[in-house]
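User: Could you walk me through this model?

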Amino acid sequence: MQVPKQKFEICIQTMIPSTSPIFRSLSYCLRSPVHLLFFALLLFSTLTSSKVNANPNSCQGPASIGMKDQKEHWEEIYRKKANIDMSWYVPHLDASLSMIENLNLSIETPIIDVGSGDSTLVDDLLLRGFRNITLLDISSLALEVTCKRLGNLSSYITSIDSDITTVSLPPQSYGLWHDRAVFHFLTDINDIKAYLKNLNEGLQVNGYAILATFSKDGPEECSQLPITRYSISELEETIGEEFNLIESSVAMHVTPWKSVQPFTYCLFQKIR
Ligand SMILES: C[S@@+](CC[C@H](N)C(=O)[O-])C[C@H]1O[C@@H](n2cnc3c(N)ncnc32)[C@H](O)[C@@H]1O
């Protein structure tokens, strides 16, 4: 049934207060069913496009990316940047080395460096006589760069190109678990639980774990990814009752461009 044009205009005019200039121009636009249809389409497209942009991660702040994309994210970093252009670079991981030296471990101790990147910890461990070293990283490029740098010494290294939250590690295998600036990238509780499950299963009873994360007044993101910052007591609580805290400190990392990033460094022993 067709609404007579005059009746339709009256109907629209009674719905829209004529006092407001905006509503007056609206009522001018809505003088026929065709105008009304056009207006409805315009409104619909505006609403749907604002829905797509409603994701706060899509255009600002650190992106929260899925685990599949995490690998590509890190591969790209190692593809594009030299190590001295990475914020976490230091020529030697002195804070980690000092904790390891205090433990007086036998040189046969199996050691895993989780998220090793292309750090020189492995070089310094080899120099101290350790020969049973596993490097694990989500980036195969980071592992390749390290193996190339080590040359013949790389024959002492087992490298695992994998995500620490999904990998299956040989059970009760490692006497020392080292992680500098990796655990703090986990922001989802399920990933944190998966990491801790692997830590618990992979580490021998009485084995040690060194975890170093950004501290509470450290940066809120790293490599354009959000991170979780920990105090010493938060890290102790998070790792759980299977571990005793043996030593802790706040280490000031100085980036290659001289900004200071405080790290919470904790050494734990697995007690059961
Ligand atoms: C900030 S860098 C630290 C590298 C090294 N530990 C150091 O201190 O120089 C973080 C490293 O963790 C790796 N990584 C990030 N998420 C990971 C995950 N879920 N599983 C394994 N490695 C991961 C990255 O590829 C990168 O090499």
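This is a predicted model: local features need pLDDT of at least 70, side-chain atom pairs count only at pLDDT 80 or more; totals for chains, interfaces and linings use all residues.

User: OK, how many helices and strands does the protein chain have?

Analyst: The protein chain has 9 helices and 9 strands, taken as DSSP runs numbered from the N terminus (helices H or I, at least four residues; strands E, at least two).

User: And which residues have the most contacts inside the largest nonpolar core?

Analyst: They are I111, I133, W177, A209, I210, L211 and F268, in a core of 46 residues; such a core is a set of buried Ala, Val, Leu, Ile, Met, Phe, Trp, Tyr and Cys residues joined through C-beta atoms within 7 Å. Buried means that 20 or more other C-beta atoms, placed from the backbone, lie within 10 Å of the residue's own. Strand β5 (residues 203–214) supplies the largest share of this core, 7 residues.

User: Switching topic, which residues of helix α7 are buried?

Analyst: In α7, which spans residues 140–150, the buried ones are A142, L143 and T146. Seen down the helix axis they fall within an arc of 95° (taken from the directions from the axis to the C-beta atoms), so they line one face of α7.

User: What follows α7?

Analyst: G151 comes after α7, and its phi is positive, near 60°.

Note on methods
Residues are numbered from 1 along each chain as its sequence is written. A residue is buried if 20 or more other C-beta atoms lie within 10 Å of its own, exposed if 12 or fewer, and partly exposed in between; C-beta atoms are placed from the backbone.
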